[in-house]
Amino acid sequence: MSPEEGAPDAAADDAARDYLETTIWAEVDRALSGITARPVTDEEERSVIDLVVRVPPREVVTALRALRDAQGMNFDYLRSLTAVDYEEEGVDVVYHLYSVETRHNVTVKCRLAADRLVVESATSVWRAANWYEREAQEMFGVRFEGHPDPRNLLLPEEMTDVFPLRKSHPLAEIEVLQGEGIAYEEGEL
Amino acid sequence: MNGDIFGLEINIWLDALVRLGLAVALMTVVVMALIYLERKVIARFQQRLGPTRTGPAGILQSPADALKLLGKEDLRPKNADPWVFELAPYFVFIPIFLVFVAIPFAFDWQIRVLELGLLYVLAVSSINIVGWVMAGWGSDNRYAMLGALRAAAQGISYELPLVLALVAVAMVVSLPGDVRGSLNLVEIVAEQGHIPYIVWQPLAFAIFYIAMLAELNRTPFDIPVGESEVVGGPFVEYSGIRWSMFFLGEYTALLLLSLRGAAVFLGGWAWPLGEEVADQNAALGLLYQFTLTAAKAGVLIFTIFWVRATMPRLRVDQLMAFSWKVLLPLTFAQIAANGLVLVYGWPDVVLLAASGGGLVLLAVIIDRAVRRPTPRPGLPSGGLEGEAVR
Amino acid sequence: MVANTPEQEFETRELLINMGPQHPSTHGVFRMVLGVDGEVVTDVVPYIGYMHRGAEKLCETMDFRQGVGYMDRTEYLANFNAELSYVLAVERLAGIEVPERAQWIRMILCELNRLSSHFMFTGAFGTDVGVFGTAFVYSFREREVILDLFEEITGDRLMYAYFRPGGLAWEVPENFETRVHEVLLSARHGIREMDSLLTENEIFLARTKGVGAISAADAVDWGMSGPSLRASGVPLDLRRDDPYLYYPQVDFDVITGEAGDVFDRYHVRLREMRESVRIIEQCMEHLSDGPILPERLPRMLRTPPGEIYERTEAPRGEYGIYLVSRGGNRPYRLKVRSACFSNLQALRDMTIGHYVADAVVILGSIDIVLCEVDR
Amino acid sequence: MRGIVRSMATTLGAFVRGPVTREYPEGHRPIPERDRAFPLLLWDFEIDEPYCTGCHACERACPVECMTVLMKDNPAHTSLGGNSSRRKIIDKFWIDYARCMRCNICVEVCNFDAIAMNNTWSGHETSVYDRADLVMDLPQLLAQHKAGAIDEWVAP
């Protein structure tokens, strides 16, 4: 939640952060009892307006289901599911949840090791996860176990060995060119 | 056996050929004009300009299109059934042109006066459904197939109200000598010299008009060719001259049905004062009668364009339901009412009352029917729960 | 010769119909394979990705000003809304304070963009339902008026690239207020005309009522958002529920439907346009003179490390930008959460069991922009 | 039935009001001064040379890398006996109009007001048969302003 209107005020910002990291976290923590979840409070990784919760990959779907069914603030709406590549540190799978009734946001993250990019599919919790997981799978090579239809979504069907959104995948041409600063050799034109 | 044309006594075969040739030539020109007019009129309804490039105000657009279509390659899909595919346009085109034989443009100005003219016209003009189905089947294309099946279903369903609405009028035509009932188009027109039948039979006219829209595959009944669904339907695979034959057939049918409607319901060349003017001056009368026919058909055509520019498309099940559950019973009721009037010799005002009541009923049915949402037709029992999520 | 048993004679098979990517009513390059039993759809398999351009990857290589231009291209019917999500994300991450005037102008432009986008919807939807182009042309007439205004302000009719992290690229023209009032006048007329052309037309009602209904629970489960979700009766509008800009200061209603069918999705949008007009009128009252960019804005904007999921209510639903920064002038990762992407997922649920003609109408009622789906 | 009648009346009203479109190539709509077509270079009439010094600012800022800039020593610089205060000047300049996404960033970053977006119809009607024809070189980029055929608008 962002109570400020447009221009963020420093005091209001702090208050909002306190609210996220104590009140909301308390609720989330209660819902996630039995799961090793921890809030991200680190300045470097923190989200500006939402509470971020880290969950180990093995428990992530259990945690998501618990959050969906939690009594106080049931996070029944999956806004977005995506992945972030941190190269050798692994890949983060990020779930943005929202509660339609209580209007609270929470971001659930799990870090997958670079050599074992497997996580259980969230399609059993929200059907909305379906296409998002397919996209994350083809773009990052994260395998979602138990996905009902793990074909490629945006990329060509047979393009299953290349993961374009990984940092190791070069962005053709433009990245190369930006390094040089010159788009055309004189003789080419 | 001699016919006469322009007052000349000539051989009956030659006479037929001359009349037929005139009609076909005239028709081709008129159809091209109609295509141009439709584009212009609909453009105006949509606040656009329409064709402007070819000739002044785009008036040469249709000849240009015709030339372009002639120059295009006549393609046939590899998997198409060659005979069925190539013959289909003729089956659409020829029956429609055969209808010309019995259409009265002015007094004594038709190719032939047929005693059962109305019956002939109706019988011949329904053959073209065969052509549509052939086109759809022969193309080996699923859109074409779907379109053809829709065309067949629709053509048959709306043929009935169309025919019966005309029959209702044919029943009550009063001839000299207190005889009632005629299928001769000339007699039907001549009898409307004072009051056209739309006054006595408004319900029949409404049904005829709706069924005409459906027969012509015009909005809101353009389901077989629905651009946004089946992408042109049966003739999606056709190109060049064969496609243009479908197109020509479609517009000829439009013209012919409008002429038929003008003749049967709007008094054709006879109302108002058709015969009186002709009595004064034969040449002027002929011109006047031609103008009357053309104007009435023109009004009908204009309203068809207007409807096309306004209406959304019905769905195929709604279309069928409307025909079988609404139009057909109402037509039967109209015929029954007419029969009662004839049997008991009631005055014509009763005809008007019965038919007008039916018209109001039709409006009310249309008004009510749509306010009730229909359930999903083909939902598997138990809904979608438990199915694989994809 | 094999003797025909009655079963064999009447054997029926499901027909597969491939609709798209080149089909008049797939709104771009969407492809769906329909399994049909006669006229009834038994299965729908959507295929997307024909328009995938890797906008997310591209944005990782661009600084924050350059990225704005790419946001336009992910959502070409509501560019201002797309730009807004992006610049808000950057501003909140970098802690930039945006001048008041710039925020009000942003709000006006976003709502105008909502109007133009919904006009596009009504037009295209009219065509899907089978009106021969008339609704389309009437809608476009009104949309053009709005685009004219956008052109006068930003210099472009479609790819505005006008919002900047911190404010606006340049000041609006002097006659801005009169022009907005003119545009609103014409938009009101357009809404009225659309109302009288379609909303009460019996044939239109017959085609849309009860078609493609989706329940509130299903819609939430599928992650639908925007008018498509509100049509099912879920009053989720981020302008009210997760406020940004100055939306809490204006008065507007969140429009919801009841049945969640195609008609509701259409009608919610049409009524929403009236709300947009109301919002713009209120914004015009608040508009005052002032700067449009903060006084101290670095030439090359850098953000501290951190992340943000910024979401705004675009015409088609929630347009989210997930921006991960590790410091520097570029996003480390940028994810565009597009509304259509989620809404389109529910297509199968909505379509199965309806007629082929309905499939087209249902697809139209979701109001997809393939650029946004594929990004 | 009432709804159908109302629809019909709506279209009839439009029929009476008449067309709102216009014939395109015959009648050009006046376009606003801020209109953005493709970028072009401006000509300094006082000194009779381009404003552009070839500083690469636009080239570096271009999101789509559509520009190529080469600079040279200005032969007309005062130190060399000329009347120009520009030590360096543009030597060769290419803009690939096929790549350009008209984002206006090059105009914003330019320190010399040497580049502007074309705000005339000629900037929009650029269809050619060969993509290579859309790569504009320095004379082509300067021609329009040199001929006085543009009244450029640069954001203040």
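Guide: The radius of gyration is taken over C-alpha atoms, and the globule rule is 2.2 Å times the number of residues to the power 0.38. This is a predicted model, in which local features need pLDDT of at least 70, side-chain atom pairs count only at pLDDT 80 or more, and totals for chains, interfaces and linings use all residues. Residues are numbered from 1 along each chain as its sequence is written, while chains are lettered from A and ligands numbered from 1 in the order in which they are written.

Visitor: How do you know what radius of gyration a compact globule of 156 residues would have, and what is that of chain D?
Guide: By that rule such a globule would come near 15 Å, but chain D has 22 Å; along its principal axes, the C-alpha trace of chain D spans about 85 × 30 × 30 Å.

Visitor: What makes a residue of chain D count as buried, and what percentage do?
Guide: A residue is buried if 20 or more other C-beta atoms, placed from the backbone, lie within 10 Å of its own, and 38% of the 156 residues of chain D count as such.

Visitor: How do you know what confidence the predictor has in chain D?
Guide: From pLDDT, the predictor's confidence in each residue from 0 to 100: the mean for chain D is 85, and 100% of its residues reach 70 or more. For the complex, the predictor gives an ipTM of 0.84 and a pTM of 0.87.

How values were computed. A residue is buried if 20 or more other C-beta atoms lie within 10 Å of its own, exposed if 12 or fewer, and partly exposed in between; C-beta atoms are placed from the backbone.
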